[in-house]
Amino acid sequence: MNSKFSKILTIIVAVISVIGIALFINVSFTDGTPEAISSAVGPLIGFSLYLFYAAVIITVVLSIRGLVKNPENLKKTMIGLGAMAILLVIAYILGDSEPVLDAQGKVLEGGELGAASNQWVGSLIWYSSILVLIGGAFFVFDLAKGLVKN
């Protein structure tokens, strides 16, 4: 059964590759005018989006299937999601909603003081920074642990 599944998967990947190559060649043979490039790139972008959606759906379905098969991992997953939610709340508190200015110092449309988008952008920058700090701390800790063992 595994060998049969592997063959089917190989055929699917080959078909997707051939379609992608054909769409890329279609873009390569345009005459260079913006209209021609736009009409040639459209199908490539659409195909890429379908592949992306399929990858996301397959990933989510297989993850949920794995959690259902191993309920003991569900507790660990929920603890991890809870920790990420707590970090997001901390980042939201740290984020600011200052106005967004252009090069001349004028406030951009939609970037007014207190705009929700400003708050979320600032929060997600803080969230990324917190995650980088935590990841870096674990990296240094693991490196030091490895050096101490040797």
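Trainee: In which helix is Gly 82 found?

Mentor: Helices here are DSSP runs (H or I, at least four residues; strands are E, at least two), numbered from the N terminus. Gly 82 lies in helix α3. This is a predicted model, in which local features need pLDDT of at least 70 and side-chain atom pairs count only at pLDDT 80 or more, while totals for chains, interfaces and linings use all residues. Residues are numbered from 1 along each chain as its sequence is written, and side-chain values use heavy atoms, with hydrogens and water left out.

Trainee: How do α2 and α3 lie relative to each other?

Mentor: Axes are lines fitted to C-alpha atoms, for helices over the stretch in contact, and angles run from 0 to 180 degrees between N-to-C directions. Angles under 35 degrees count as roughly parallel, over 145 as roughly antiparallel, 65 to 115 as roughly perpendicular and the rest as oblique. The axes of α2 (residues 34-69) and α3 come within 5 Å and cross at roughly 120°, so the two helices are oblique.

Trainee: Which residues of α2 and α3 meet?

Mentor: Contact means heavy atoms within 4.5 Å. From α2, Leu 67, Val 68 and Lys 69 meet Pro 71, Asn 73, Leu 74 and Thr 77 of α3. These residues divide into four nonpolar, two polar and one charged (Ala, Val, Leu, Ile, Met, Phe, Trp, Tyr, Cys and Pro count as nonpolar, Asp, Glu, Lys and Arg as charged, the others, Gly among them, as polar).

Trainee: How many aromatic pairs does the structure hold?

Mentor: Rings of Phe, Tyr and Trp (its six-membered ring) pair if their centres lie within 6.5 Å; planes under 30 degrees apart count as stacked, over 60 as edge-to-face and the rest as tilted. The structure holds two such pairs. Phe 52 and Tyr 53 have ring centres 6.0 Å apart and planes at 55°, so the pair is tilted. Tyr 92 and Trp 120 are also tilted, with 4.9 Å centre to centre and 50° between the planes. This pair links α3 and α4 across 28 residues.
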